[in-house]
Amino acid sequence: MNDEPRAAHEAATCPVSHVGKAFDAFDAESYPFYARARVEEPIFYSPQIGFWVVTRYHDIREILQGDPAVFSAEKVLELLKPLCPVAMSKAIEYGLAVSPTIVDEDPPGHTPHRQALRRGFTSDRVAAMESRTRELVTARLDAFIKRGHADLVTDLMFEVPALIILEMMGVARADLMTVRKFAKRLAVFEFGHPSDDEQIEITDTLGEFWRYCKQHVDRLIDHAGDDAVSTFIAGMRDATGAQPLDRQYLTTVTFSIIFAGHETTTNAAAGAFRALLENRNQWEALCAEPNLITNAVEESLRFYPSVPQWRRITKQPVTIGGVDLPAGSRLLLALGSGNRDADHFADGDTFDIRRDNADEHLAFGWGRHHCLGDGLARMEMRVALEELIRRMPHMQLVAGQRWEFSPNASFRGPEHVRVIWDSSRSPIATDRP
């Protein structure tokens, strides 16, 4: 885990520039700062968090695709703020472990684990969930279409991705609210700076969910279904042969995937709604040409990625972008900055749903750790946009609303996207033409 003495030592021994001093890892609207950094100091040290921040597209891709013996994922889930003694004691009591899991493993262990997990997220399995996704989106729209106003996060995308991933993971729908509460807290717990009291409260929440996931895994080991956890268990059995299943590891992966499988999609969809409606000409073009939806999803992921910052650590001395970094350097990869780098995306700060290379964004990472759920997220965002442009093409953002974000460094999306429309002009019938 990170610790304040180490961070203080690094800050004292690393060159802290004016750019580094001005950086705020928790600023959700940091795109103007990143535009400046890419020009003035593309890789800089942040004394705020004790990380080297990498801002250019090609440097980030080089790291993500690089040799794991040089650029390791092993510290990806390291807490930005160490647990206070009471929270630590509670975590031990619960048996709570958020690591190791798929995202913070390096080969060779990572390879068979990823192969086992991907069985539950094939293109066929995603396609099989599309009709269910449309059913859920339609039901949510039906609930507020006559009202003339809504929050597209809490009224729509708060629930849909959560229900879909829960069903895919074999979790009962009745547990939705528990899971949603868990997910919001996990982002702050791992990637934020909660107070000691908040840490203690969050540890209790996560501890209860950990126990739930453990029971869920134990049940599926004994009574497998056709869900992603069951297929993961089967894949792990194939990979380990006669060795006993590592139930702790299975629980950790289940714990993490349920969070990643819906919180990130909710945030990505919220970012897409914001980008499209703030750029009214783009929304109107999408309504006029629905065939642009697929590329609009990619451009939205580029413009407002739900994971704008991710991490690596160097295992050997290395030079990146002309900067010499010693072994043990913690790297914050500014994916959101790379996604707007003009050297790769022309006029990167402009939102353009016709952009030719929009799908080359870094929103799902790159290389061996590329997000396994990317197809699911794309499908859910596409279906939501298809139904919105069909039934509410004339909706508009509520003027003057303040964009709010979860206080953490890695998982982001507007907490609310409030819209209004003339309900007399919206199709009420749910039958598709």
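Guide: One definition before we start: a helix axis here is a line fitted to the C-alpha atoms over the stretch in contact, and angles between N-to-C directions run from 0 to 180 degrees. Also keep in mind that this is a predicted model.

Visitor: Okay, so at what angle do α8 and α10 pack?
Guide: At about 150 degrees, with the axes 10 Å apart. Helix α8 covers residues 130-144 and helix α10 covers residues 160-168.

Visitor: Are those two roughly parallel or roughly antiparallel?
Guide: Angles over 145 degrees count as roughly antiparallel, and therefore α8 and α10 are roughly antiparallel to each other. As for handedness, α8 passes α10 in a right-handed crossing.

Visitor: Which residues meet there?
Guide: From α8 you have Arg132, Thr133, Leu136, Val137 and Arg140, and they meet Val160, Leu163, Ile164 and Glu167 of α10. By class, that contact of α8 with α10 has five nonpolar residues, one polar and three charged.

Visitor: What about α5 and α12, how do they pack?
Guide: Helix α5 (residues 85-94) and helix α12 (residues 196-222) pack at about 5 degrees, and their axes are 9 Å apart. Angles under 35 degrees count as roughly parallel, so α5 and α12 are roughly parallel to each other.

Visitor: And what classes of residue are in that contact of α5 with α12?
Guide: Six nonpolar, three polar and five charged. Among them are Lys90 and Tyr94 on the α5 side, and Asp204 and Trp210 on the α12 side.

Visitor: At what angle do α14 and α18 pack?
Guide: About 40 degrees, with the axes of α14 (residues 247-278) and α18 10 Å apart. That angle makes α14 oblique to α18. The crossing of α14 past α18 is right-handed.

Visitor: Switching to sheets: what is the strand order in the open sheet of five strands?
Guide: The order is β1-β2-β8-β5-β3, and the pairing is mixed. At the edges are β1 (43-46) and β3 (71-72), each pairing on one side only.

Visitor: How many bridges join β1 to β2?
Guide: Four, and β1 and β2 (residues 51-54) run antiparallel. For a landmark, tyrosine 45 has tryptophan 52 in β2 as its bridge partner.

Visitor: What lies across β1, β2, β3, β5 and β8?
Guide: That's α4, which runs at about 125 degrees to β8.

Visitor: What about the open sheet of three strands, what order is that?
Guide: β4-β10-β9, with antiparallel pairing. The edges are β4 (149-151) and β9 (396-397); each has a single partner strand, so one side of each has no neighbour in the sheet. Strands β4 and β10 (residues 418-420) pair over three bridges, and histidine 149 stands opposite isoleucine 420.

Visitor: Last one: how many aromatic pairs are there in the whole structure?
Guide: A search finds 19. One of them is tyrosine 57 with phenylalanine 345, an edge-to-face pair at 5.4 Å centre to centre and 90 degrees between the planes. It links distant parts of the chain, 288 residues apart: tyrosine 57 is in helix α4 (residues 57-64), while phenylalanine 345 is in the loop between α17 and α18.

Key: Residues are numbered from 1 along each chain as its sequence is written. This is a predicted model: local features need pLDDT of at least 70, side-chain atom pairs count only at pLDDT 80 or more; totals for chains, interfaces and linings use all residues. Side-chain values use heavy atoms; hydrogens and water are left out. Two strands pair if DSSP finds at least two bridges between them. Angles under 35 degrees count as roughly parallel, over 145 as roughly antiparallel, 65 to 115 as roughly perpendicular and the rest as oblique. A crossing is left-handed if the near helix is turned anticlockwise from the far one by less than a right angle, and right-handed if clockwise. Contact means heavy atoms within 4.5 Å. Ala, Val, Leu, Ile, Met, Phe, Trp, Tyr, Cys and Pro count as nonpolar, Asp, Glu, Lys and Arg as charged, and the others, Gly among them, as polar. Rings of Phe, Tyr and Trp (its six-membered ring) pair if their centres lie within 6.5 Å; planes under 30 degrees apart count as stacked, over 60 as edge-to-face and the rest as tilted.
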